[in-house]
Amino acid sequence: NGSGWVVNGSSITVPTTRAPRWIELAPNPLAASNEIAMILADRNDDVYGMYWNSSTSTWQGEAGLGNWSGGGNQVSTSTRKAIDVAYEQNSGEALFMWGRDQDDDQYFRTLSSGAWGTRTIESIATMGGRAEWVRLAPRSNSDQIMYVVQDDGQDLNSMLWNGSSFGNKVSHDPATEVRNDRNFDVVFETYGPNKHLAWLVWGDGWTLSRKQWNSSTSSWGGTTTLDCDTLAVTLAR
């Protein structure tokens, strides 16, 4: 509450069958909204999304349906974080992403004003395995969201959500430092003149690699490195 912790012991009922292993939350950026989106993956590789409806003070999922991985389409792994959720910063629409277990693709769904989009498959041709670590980074004052994924072959790839579809699919590294930790991160800058710029940083052998995305030119810059044997990376803006 600004000075101490207030503990709320209420629970959330979800249609997945085993204990949750990964949970991600994201706040709706619109000034008039108290909505919070949640995605989770359980130890049975099931995945599900919900949102906090402040007007009813309840967590709401998709009415009448079970978990999102029905029909044997579980998340690609539950031992590593292959899920994420983020909001478009202009529209207030949420984007849910998770790796697909059946092949090297990923799933996504959207949420807008309580309405769920359909579960949709998105592929990246240069991915060489199942998604293991995924990351969404929203751009300020925009509906763009950068998606970065590392697969079980340690390939590092990205693609850009423009508010309705994915494009700008790029392979950054065919063999990052490790599989066991998320040794990469991506974030957009928030300083006014630089809001179109994002940084991707990752471990690469004995170096720490980095490159910059420019939304004005729809392109990535060159890669620069530092001498650093890197196992885990976290960026904060």
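This is a predicted model: local features need pLDDT of at least 70, side-chain atom pairs count only at pLDDT 80 or more; totals for chains, interfaces and linings use all residues.
Gly 153 is partly exposed, because its relative accessible area is 36%, and this class lies between buried (under 20% relative accessible area) and exposed (over 50%), as judged with a 1.4 Å probe and protein chains only. The residue belongs to the loop that links strand S11 (145-151) to strand S12 (156-161). Across a sequence separation of 21 residues, the C-alpha atoms of Gly 153 and Pro 174 are 7.8 Å apart in space. Residues are numbered from 1 along each chain as its sequence is written, and side-chain values use heavy atoms, with hydrogens and water left out.

The protein has 18 strands and 0 helices, where strands (E, at least two residues) and helices (H or I, at least four) are DSSP runs numbered from the N terminus. The C-alpha atoms fill a box of roughly 50 × 40 × 40 Å along the principal axes. The radius of gyration of the protein is 18 Å, which agrees with the value near 18 Å for a compact globule of 237 residues; the radius is taken over C-alpha atoms, and the globule rule is 2.2 Å times the number of residues to the power 0.38.

Of the 237 residues, 47% are buried. Among contacts (heavy atoms within 4.5 Å) between residues at least 6 apart in sequence, 49% join residues at least 24 apart.
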